[in-house]
Amino acid sequence: MGFKEEYEINKWNLLGEGNILIIYTDGLIEHERVEELYAPHHLEKKLCEVKYLSYKENFNAIKTDLLAFAEPQDDISFAVIKWH
């Protein structure tokens with residue numbers, strides 16, 4: 001990473017009240033069972049079911065659902081960010 005004398009900062013409003021942002025690695029996208037992918041269909045379905053819960057409860061519900069769907073074949077990382 002280099003050093004720069006001046007930095008310009010841009011402010012973006014990515015989330016509005018009640019919005020949820022999920023950041024994940026390719027392990028989640030490639031998670032499958034018998035040629036059926038977990039994302040986006042199963043991920044979106046689970047998120048719709050739990051979207052009114054806290055970010056921790058959202059994370060735990062997705063994690064539980066993901067592991068019940070199939071045994072991971074790759075590493076899976078994800079984070080849930082929720083604006084209240």
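Which residues make up the largest nonpolar core? This is a predicted model, where local features need pLDDT of at least 70, side-chain atom pairs count only at pLDDT 80 or more, and totals for chains, interfaces and linings use all residues. Residues are numbered from 1 along each chain as its sequence is written, and side-chain values use heavy atoms, with hydrogens and water left out.

**Stop one: the core.** Select Ile-22, Leu-28, Tyr-38, Ala-39, Leu-43, Leu-47, Ile-62, Leu-66, Phe-69, Ala-70, Phe-78 and Val-80: these 12 residues are the largest nonpolar core. Such a core is a set of buried Ala, Val, Leu, Ile, Met, Phe, Trp, Tyr and Cys residues joined through side-chain atoms within 4.5 Å; buried means under 20% relative accessible area, exposed over 50%, partly exposed in between (1.4 Å probe, protein chains only). Colour H2, helix H3 (55-69) and strand E4 (78-82) next, as each supplies at least two core residues. H3 gives the largest share, 3 residues. Helices (H or I, at least four residues) and strands (E, at least two) are DSSP runs, numbered from the N terminus.

**Stop two: Ile-62.** Leaving aside residues up to four places away in sequence, Ile-62 touches Ile-22, Tyr-38, Leu-43, Lys-46, Leu-47, Phe-78 and Val-80 (contact means heavy atoms within 4.5 Å).

**Stop three: Lys-46.** Now hop to Lys-46 in helix H2 (residues 41-50). Lys-46 is buried, at 17% relative accessible area.

**Last stop: Ile-23.** Finish on strand E1 (residues 20-24), where Ile-23 sits. Ile-23 is partly exposed, with a relative accessible area of 48%.
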